[in-house]
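Let's take a friendly walk through this structure together.

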2 protein chains.
Amino acid sequence: MPYVAPVKDMLFVMHRLAGLAQVAALPGFEDASPDTAQAVLEQAAQFAGAVVAPLNQPADRDPGAWHDGHVRTAAGFREALRQYADAGWQGMSHPVAYGGQGLPGLVAAPCAEMLNAANLSFALCPLLTNGAIEALLAAGSPELRSRYLEPLIAGRWTGTMNLTEPQAGSDLALLRARAEPAGDGSYRIRATKIFITYGEHDLAENIVHLVLARLPGAPGGIRGLSLFLVPKFLPDAAGAPGPRNDVHCVSIEHKLGIKASPTATMQFGDAGGAVGYLVGQENHGLDAMFVMMNAARFAVGLQGVAIAERAYQRARAYAAERVQSRPVDGSSRQAVPIVEHPDVRRMLGVMRALGEAGRALAYCTAAHADHAHAAPDPAERARHQAIHAFLVPIVKGWCTEMSIEVASLGIQVHGGMGYIEETGAAQYYRDARILTIYEGTTAIQANDLVGRKTLRDGGAVARGLMAEIRQTEALLETRAEPAAQRMLDPLRQGREALGEAVDFVLAHAAGHPNAIHGAAVPYLMLAGTVLAGWQMARALLASLDTPEDPAFHQAKIATAQCYALHRLTQAPGLAAVVLGSIDYAVQP
Amino acid sequence: MPYVAPVKDMLFVMHRLAGLAQVAALPGFEDASPDTAQAVLEQAAQFAGAVVAPLNQPADRDPGAWHDGHVRTAAGFREALRQYADAGWQGMSHPVAYGGQGLPGLVAAPCAEMLNAANLSFALCPLLTNGAIEALLAAGSPELRSRYLEPLIAGRWTGTMNLTEPQAGSDLALLRARAEPAGDGSYRIRATKIFITYGEHDLAENIVHLVLARLPGAPGGIRGLSLFLVPKFLPDAAGAPGPRNDVHCVSIEHKLGIKASPTATMQFGDAGGAVGYLVGQENHGLDAMFVMMNAARFAVGLQGVAIAERAYQRARAYAAERVQSRPVDGSSRQAVPIVEHPDVRRMLGVMRALGEAGRALAYCTAAHADHAHAAPDPAERARHQAIHAFLVPIVKGWCTEMSIEVASLGIQVHGGMGYIEETGAAQYYRDARILTIYEGTTAIQANDLVGRKTLRDGGAVARGLMAEIRQTEALLETRAEPAAQRMLDPLRQGREALGEAVDFVLAHAAGHPNAIHGAAVPYLMLAGTVLAGWQMARALLASLDTPEDPAFHQAKIATAQCYALHRLTQAPGLAAVVLGSIDYAVQP
């Protein structure tokens, strides 16, 4: 089953919803013209579809293996990553000064979506490398930057994030990893780290581990963590990989999905100490790590959009060819393709609506990051940064939760065939299941949304977004088209429900922390439901005004209605959970 | 991770919600005294926990294999099935006349739940055998009954259902299997059947296949199907397995889950024709098959309850031991077991509430079947039969859909560990995913609920159930306890929402068949949400009146509230989907 990137929808979202023109008007993003953006997307679509997607199912079946500290990756991955690097994809959004192309995140986002849709396991390697690049750009010393950024951005070396330890997953305060100054400016790291994605592999010349550890005398908890760069091979004077460092992969996990991405247990310092270099300031490791994690959280949200699209494409293709049962309306005496049956239409419609809504939400979030990065006016930068920070946990949480539902519906559309591994639908269901867990579970995202993103500013960003939704409602009110009228009520009810939930959280978080945090995930799902629905309403309005591609825009208008009916109608119920959280008991 | 059957909750549901005393008062069920029921459940719990549950995870890892027409099943299955048969479990609810114990379905249901919770793959074998027994009891000739029922009920032989063919899954009208009279009263069957659960195995002396096929000259479509019994080994004069019949397993599937239950492709008649015997009348094969399918559909709904319980037990145990992060309310400066964190409590609470609500719904449905079977008054039998028929698609559809959600939450509670196969939580997520597909997808159940169960009687049964819910509301109104008051509003809103949906379906199904069938699954989920919630309201009332086991009853009261908050509040949103189904577009 081929993957065909939905370039038309991606460009529609970029232009009409995320404001590509405004992003391209920002200093430094002048290259992101409509023509360039389209050309980049078409090249990315070609690469993802022709090179990476065909490896996906074979790699699931034969994901490679660990042997004696080495990891053999799945067939074709090495050559595909070489092509990815050679074409410059790893550096597309990174600074020109280090060999990147400096394109905005809004252009990088669809390319990342495509790579993930083609092959979630493969795409994790560049995803983690991007995280390491972000951390070094944010906090690395000039020397570390000059030594490591060029090969990472060129895609010759790859990066990892080493946070988790057996006793410390969501709770980084429990980390035990140790770092000691070696006297020469470097450090010796001793740690056992688990769940390290691409912690070991045979795809690149070198692996750059970013490791959280504690210096001697550092405080306990998260305020005593420092970040270290630990290369697998220590670069020589010329910057080429030299001696092997004291870091080793002792095993890889047997996982439900994303099987072809090796998940390593890494042992640092068994032979005296791995050589590491401090990134940023002592005891401020989390600052740099949060830069990395925020980039990674957004990227994982995009993974959700990606796997939803892939699952939808496969299910739609199957439904178009599988013939079964007569139409329920009596319009034919013959069995028809199942795509004509109402419940299959519902499932495909919901899959499509969730995927397109998630895409719109994610790309708009990417545009906010571009403005936050490059807007000339500091106040504008701060405004966009605040909105971006509010949206990241929602993109991460909501887009990944919906992706599991979409992948599950994808199996259901296939009926019994969906349960057979060879069909391929089951792989998406298995692969998607990690997305609500890694880079912070949905609960971690939801606590972030409640604590740092809603309470800290007194709900200012949340209310600002709701004011924008009201403007969209006002536009819908001016339209006579029935589709606009049908969108209006669910959107208004959704926005009002979100408003009630925001007010409730603000009023009661201090007095009832357990209740409010117990409602944090429903609160996040409510926010995602409404904000993604808002983007679908904007898409509907844009499509009403764009008659030049009737098939595309009619489909978008119908998809927006489907979203309104199946999702925005659920917003009051989610708000009810939040509003009842203090009064109602829970029995674990 | 051991499985400990929730015998206390099962007995509570049997006694207080499903009316075991009334069932035991029916003619023929006098043995089902409270003491007997408890003793039976405790023996079943012992067997499931000690013998069957330990085989579950090893069998997933090494599920056996096909070789040259033979299927080697997973380690331990053969001995476990022998013990199951020897203890008489296969026959517990079957007629004494054929060696069974004649216990009511209400007593058999918890035992089936336990077996499935212990090991879904293993339990499928007795489940299918029950189906074959039901079909023979309903439609088999005296000769077929006398020859086949005793060894099936004794558990020495097993049964299968052979419906699906490559081109005919949900749509039985497309079946191509052929049967020709042999002139001696037997028939020769030629067919390729796929997805045959336990179609071949090494667990029993003989396998009794029940096969849908067409006689020469039979009409096309489902009115031309006849049912045939095709034994793997033809019984000799003494009834012992004799010559090998012309039926062979040509392969088994590589599935997402329930890996240790062989899913066979069966070839009938490659060497001239498999010997088969007509069950019931010519061209009336579906009548007997529906008896079998209805029993199997209810049993699959119970599988959903079972896997939800198992997933909950594992997640709860992990949450009690995994220490991570300080409490959000500041009550401790140390990290605490994650069961104390609000979102983990929410997830476990929802898992528990869904499982207990599903159990109550399923057992009450079983009790209706007992009354339908054994009530002396024909009008009473008919009344219970109608309610039972209404509830079966809901038990099948709702309990299985919720089981996927519960299994997914079970992974989420484990965090990253949930994604590692060795943990075991992932198996439930994989296993559960078949339940909404086999024995009729959720859409098939929903179409049945709309068509045969709601429209055909003009909503009479549905409205009767809603009148009963109103009585429960009236009881809640008389109670001063805050828990009762908190239950009341969500239950009333849910019942009103269901009422609106029933009225809408009745009013518009004829005029808008596509829209109504496109809303059939949300309609089923709404009905399940409200009817299961009603049982939780009844459980709450019963617990308020039962102070003798405070821990159990306080937990039940809290669980009922959790259900009300997290599920009954969603009923209006589900109804909104039904009510908008005509106006809103869907884009597949």
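Counted over all chains of this predicted model, the number of disulfides is 0. A disulfide is a covalent bond between the sulfur atoms of two cysteines. For a pair to count here, the two sulfur atoms must lie within 2.5 Å. Take A:C125: its nearest cysteine sulfur belongs to A:C249 and is 14 Å away, so A:C125 is in no disulfide by that cut-off. A:C125 is also buried, with a relative accessible area of 1%. Over in chain B, look at B:C249, which is in no disulfide either; the nearest cysteine sulfur to it is that of B:C125, 14 Å away. B:C249 counts as buried too, at 2% relative accessibility.

Now turn to helix α1 of chain A, which runs over residues 7-17. How many of its 11 residues are buried? The count is 8, and the helix is mostly covered. Those buried residues are A:V7, A:D9, A:M10, A:L11, A:F12, A:V13, A:M14 and A:L17. What covers them? In chain A, the covering elements include α2 (20-24), α3 (34-52) and α6 (105-118), together with α10 (342-374), α17 (520-544) and α18 (550-566). Just after α1(A), you will find A:G19 with a positive phi of about 70 degrees.

Finally, a stretch with an annotation. In an unreviewed entry, UniProt lists residues 283-449 of chain A as "domain: Acyl-CoA dehydrogenase/oxidase C-terminal". In the model, this span is 74% helix and 0% strand, and its end C-alpha atoms lie 25 Å apart.

Conventions: Residues are numbered from 1 along each chain as its sequence is written. Chains are lettered from A and ligands numbered from 1 in the order in which they are written. This is a predicted model: local features need pLDDT of at least 70, side-chain atom pairs count only at pLDDT 80 or more; totals for chains, interfaces and linings use all residues. Side-chain values use heavy atoms; hydrogens and water are left out. UniProt positions are given in the numbering used here, feature names are shortened, and annotations may be inferred rather than shown by experiment. Helices (H or I, at least four residues) and strands (E, at least two) are DSSP runs, numbered from the N terminus. Buried means under 20% relative accessible area, exposed over 50%, partly exposed in between (1.4 Å probe, protein chains only). Contact means heavy atoms within 4.5 Å.
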